[in-house]
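Here is a short report on a ligand site and on aromatic pairs. Look at the structure first, then read on.

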Amino acid sequence: MKKIALALVCLYGMSFAGDYDATQGQMLALSCASCHGTDGKSTAVTPYIAGMGKTTMYKTLLDYKYGRKVGTMMSKHAKGFSDNELEQVSYYFSKIKR
Ligand code: HEC
């Protein structure tokens, strides 16, 4: 019984990890670098987004995309991505050390 439980935990862990595609996240993040710096470590006036919480960033990006939040740049930029892409890119930045 213990073995079965362990196997289930492993399977669950694998399927969960599969939801995040690191390569796709990194590719998408390249489009943010021009303004937010490499890996979101901004040295300019744009916000520093490296290490931002995944949920917070995803929600913020959706708010920009659907007009619940207005930005000079982000309202336009966020519209170019699918919801899933915004989630992937949020995962990517959340995994970077600040
Ligand atoms: C054209 C420049 C530009 C690009 C490209 C860009 N951003 Fe931004 N971003 C900004 C600016 C400027 C702000 C400040 C809000 C505003 O004025 O839009 C901002 C704000 C944000 C915020 C809110 C930060 C906070 O603390 O509230 C997040 C999250 C963010 N950007 C994520 C991204 C991601 C992810 C990408 C790539 C998919 C990206 N940005 C691409 C310019 C840019």
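## Ligand shell

The shell around the ligand holds 13 nonpolar residues, seven polar ones and no charged ones. This is a predicted model. In total, 20 residues surround the ligand. The closest are Cys32, Cys35, His36, Thr72 and Met74.

Four helices each supply at least two residues of this shell: H2 (22–36), H3 (54–65), H4 (74–78) and H5 (83–94). The ligand sits in the largest pocket.

Two side chains come up here. A ligand nitrogen lies 2.7 Å from an N or O atom in the His36 side chain. A ligand oxygen lies 2.6 Å from an N or O atom in the side chain of Thr72.

Met74 takes part through its backbone: a polar backbone atom is 3.0 Å from an oxygen atom of the ligand.

## Aromatic pairs

How many aromatic pairs are there? The count is two. Tyr20 and Tyr91 form a tilted pair, 4.9 Å centre to centre, with 35 degrees between the planes. This pair links distant parts of the chain. Tyr20 is in the loop between helix H1 (2–18) and H2, Tyr91 is in helix H5, and they are 71 residues apart. Tyr20 has 17% relative accessibility, so it counts as buried. Tyr91 is buried too, at 15%.

Tyr92 and Phe93 form an edge-to-face pair. Buried or exposed, where does Phe93 fall? Phe93 counts as buried, because its relative accessibility is 2%, and the cut-off is under 20%. Tyr92 is buried as well, at 11% relative accessibility.

Key
Residues are numbered from 1 along each chain as its sequence is written. This is a predicted model: local features need pLDDT of at least 70, side-chain atom pairs count only at pLDDT 80 or more; totals for chains, interfaces and linings use all residues. Side-chain values use heavy atoms; hydrogens and water are left out. A residue is near a molecule or strand if one of its heavy atoms lies within 4 Å of it. A polar contact is a pair of N or O atoms within 3.5 Å; within protein, one must be able to donate a hydrogen and the other to accept it, and residues adjacent in sequence count only if both atoms are side-chain atoms. On a 1 Å grid over the protein atoms alone, a cavity is a set of points where a 1.4 Å probe fits but cannot get out, and a pocket is an open set with protein on both sides within 12 Å along at least five of seven lines; lining residues have an atom within 4 Å of a point. A molecule sits in a cavity or pocket if more than half of its atoms lie within 2 Å of its grid points. Ala, Val, Leu, Ile, Met, Phe, Trp, Tyr, Cys and Pro count as nonpolar, Asp, Glu, Lys and Arg as charged, and the others, Gly among them, as polar. Rings of Phe, Tyr and Trp (its six-membered ring) pair if their centres lie within 6.5 Å; planes under 30 degrees apart count as stacked, over 60 as edge-to-face and the rest as tilted. Buried means under 20% relative accessible area, exposed over 50%, partly exposed in between (1.4 Å probe, protein chains only).
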